[in-house]
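Hi,

Here is the structure I promised to pass on.

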Amino acid sequence: MLEVKELACARGEQKLFSDLNFRLAGGELLQVQGENGRGKTTLLRTLCGFIQPLEGEIQWQGKSINELDEDYFANIVYLGHLNAIKDDLSALENLRVSSALSGSTISDSAAIAVLRRMGLRGRETFPVKLLSQGLRRRAALARLLINKAPLWILDEPLTALDVSAVGLMQEMIGEHLRNNGIVIFTTHQPLEVSGAVLRRLTLS
Amino acid sequence: MAINWFKYAAPSSFYGLAGKLVPWFAWPAAILFCVGIYIGFFVAPTDAVQSEAYRIIFIHVPASILSMFIYLIMAGYAALGLIFNTRLSSMMATSLAPTGALFAFISLWTGALWGKPMWGAWWVWDARLTSELILLFLYLGFISLQASIEDPRRADRAGALLAIVGSVNVPIIYFSVKWWNTLHQGSTVKLSGTSMHISMQQAMFTMFAALWLYAIAISLLRVRSIILERERNSQWVTEIVEMKQ
Amino acid sequence: MNKLSLMGLFGLVIRRDLMLAMRRRADVLTTLIFFVIVVSLFPLAVGSEMDMLRKMAPGVVWVAALLASMLSLGRMFSADYLDGTLEQMLLVPQSLSILVLGKIAAHWMLSGLPLVLVAPVLGLQFDMSGQALLILVLSLLLGTPVLSMIGAFGAALTLGLRGGGVLVSLLVLPLCIPVLIFGTGAVIAVTSGVSPASNLSLLGAFLLMSLLFAPWVSAQALRISME
Amino acid sequence: MNWLGFFEMKGYAWYIWGSYGVTLLIIMVEILLVVHKRKVVLQQLRLIRDAEIKE
């Protein structure tokens, strides 16, 4: 369970928002909304622990994330603006490296199955630099499927994705929520997940 | 505790306090500077070995000591800012750096002008001068690192880390340079071996005090601008006296 | 738990970085070629008098090694920073200091170790004696990892800044001076008939000290830069 | 007192006045720069405030 208490964040010396409170339990979906420059990305990065908030606290399962330190990271997957995949490696190698770093080993067949589900059939072993933008984003999204972390933090997950990939994304989020996961995301495109209640948080 | 020190740790209250303090440091600095010059040139006798040229040390020695001292103070402020997240101390560190660098430069410049008549060369690879040069590089590194980071918070924290690592390194650098100096020999020159006349000491201490007070005054003055720049979005900035025009 | 053993993590990061470097072998070679060219320039600039060259050799090789390792610092974190993989590395449930140490080790294998291996050949250009060559290699072996570690700190601080390449040299070079002094000091000692032991042990002390502190400090610097 | 002799400093005039002169110059320039910076900052602050008042 993620709990945010009286959170205030700043970019540079400019205060973006303050007094932010919310609590998310397993199975909940939160969309962070707001105009450009309102601090959507800053909020997500603060939730990841990259940025120390000005005031307030973020708690995971009742403990401050500063206290949990590295142990907190076992519970989150973050997908940022950048794909976080190495161009020189293949999608398969990228997946293997990132899963090894997160502490779990993944068999090649499982990794290939995940990549195929993401629509990379036949391209699993191509260097990523040969793939199109959309396919690269799909390769990046594959990380969500191999990681068992309960909290997904997704910053604009739908950029560069086509209609079928957006559908797939909605399906993946739905599955994750049914498995008692939590998803926090920002998007400029409509994203509808069947069978889930969408909570909205508007930064202004 | 009678005085609430933490009140002055807030940039808004420190801004006013610093403004009030500046003249209290600046005027004594100016007076002591004149007194120091007077003692240094009219009271202190001519040195038997170095003739009049030794009078450069009244500037050189205080500037050298202060440049090292300011680096440590700066690193201390920066560390405070990093550990306790007090923004004011980070601003003080930023404000001290240029003055420290200038003192390091003054020390090198006067060292060269003193070295030419004494050692016959503008520059000798003496341990002290070399360390001073490296200290200047450390200052320049700190200043340029902070200057190239847009986000003031990152600039504070990155600068602090650099200053701490730098101040740990300063003694290592000093001793390695000293060791290297004895290894290569040749250029080590014994500085003023004769005992100093009492008036020479007085002149040096007076100049030291003057430069010290000056450093405090100028950095307080500079930190006021830094505070205003960083706090420009706060309400209190629009309410200060200087804005009522 | 998802924690890897420290050795496991260390090895994993090294394997990853080496694998990436193998996809771009040219980058590794450029540092080495730069080193060779810089060292070879000196005789052309100052003349080919053997006595002088022999005297200059340790200093020239060491300064060139220092410059070459500066040149390669840009690769340590910035490529990973630009494509977002560094961000993900900061979000893994592992010790960041060990992860950074792994990256430093990989960087040293790719930029420091080749210099150490080529140095004797370059020393021959300067007519160094066999004993001096041995000590030169030994001093580089102890010293170049320290350069990589100090460099990692500088690279982490300047991550993503404009003009980062020049800036990192400005920050790092003054901190490297003790290593330079004792590295060349060891070779000079042996050529002038003194035992290089004290120089080498000081270099060893620097190596231990930086092994203790540099990964942690660089990890902090990375956290600051990623904020 | 012989002022000319004093300024000659037994032949060390260049070195001594070079040191003191440059030190004074540096201090003056630093003071000017800091005061100038303060003026610029205040000017910018007023500019922003006036723009907000107009709104």
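Predicted model: local features only at pLDDT ≥ 70, side-chain atom pairs only at ≥ 80, totals over all residues.

The buried residues of helix 4 of chain A are A:Ala91, A:Leu92, A:Glu93, A:Asn94, A:Leu95, A:Val97, A:Ser98, A:Ser99 and A:Leu101.

Residues are numbered from 1 along each chain as its sequence is written, and chains are lettered from A and ligands numbered from 1 in the order in which they are written. Helices (H or I, at least four residues) and strands (E, at least two) are DSSP runs, numbered from the N terminus.

What covers those buried residues? The cover includes helix 5 (108-117) and helix 6 (133-146) of chain A, together with helix 1 (6-23) and helix 5 (85-89) of chain C. Just after helix 4 of chain A, A:Gly103 takes a positive phi of about 95°.

**Where A meets C**

In total, 24 residues of chain A are in contact with 22 residues of chain C (contact: C-beta atoms, placed from the backbone, within 7 Å). On the chain A side, the elements giving two or more residues are helix 3 (70-73), strand 6 (76-79) and helix 4 (91-101). Helix 4 of chain A gives the most, with 4 residues. By type, this side of chain A divides into 13 nonpolar, 6 polar and 5 charged residues.

**Strand 1 of chain A**

Strand 1 (residues 2-11) of chain A runs antiparallel to strand 2 (residues 14-24) of chain A, and 7 bridges join them (strands pair if DSSP finds at least two bridges between them). A:Cys9 has A:Phe17 in strand 2 as its bridge partner. The two strands form a hairpin with 2 residues between them, and A:Gly12 in the turn has a positive phi of about 65°. Strand 1 of chain A also pairs with strand 4 (residues 55-60) of chain A, antiparallel, over 5 bridges; there A:Lys5 stands opposite A:Glu57.

**Chain C**

Chain C has 9 helices and 0 strands. Its C-alpha atoms fill a box of roughly 60 × 30 × 30 Å along the principal axes, and buried residues make up 54% of its 227 residues. The average pLDDT (the predictor's confidence in each residue, from 0 to 100) is 91 for chain C, and 99% of the residues score at least 70.

Is C:Ala119 buried or exposed? It is buried, because 27 other C-beta atoms lie within 10 Å. Leaving out residues up to four places away in sequence, C:Ala119 touches C:Val61, C:Leu136, C:Val137 and C:Leu140.

Cheers

Key:
Contact = placed C-beta atoms within 7 Å. Nonpolar A, V, L, I, M, F, W, Y, C, P; charged D, E, K, R; others polar. Buried ≥ 20, exposed ≤ 12 C-beta atoms within 10 Å, placed from the backbone.
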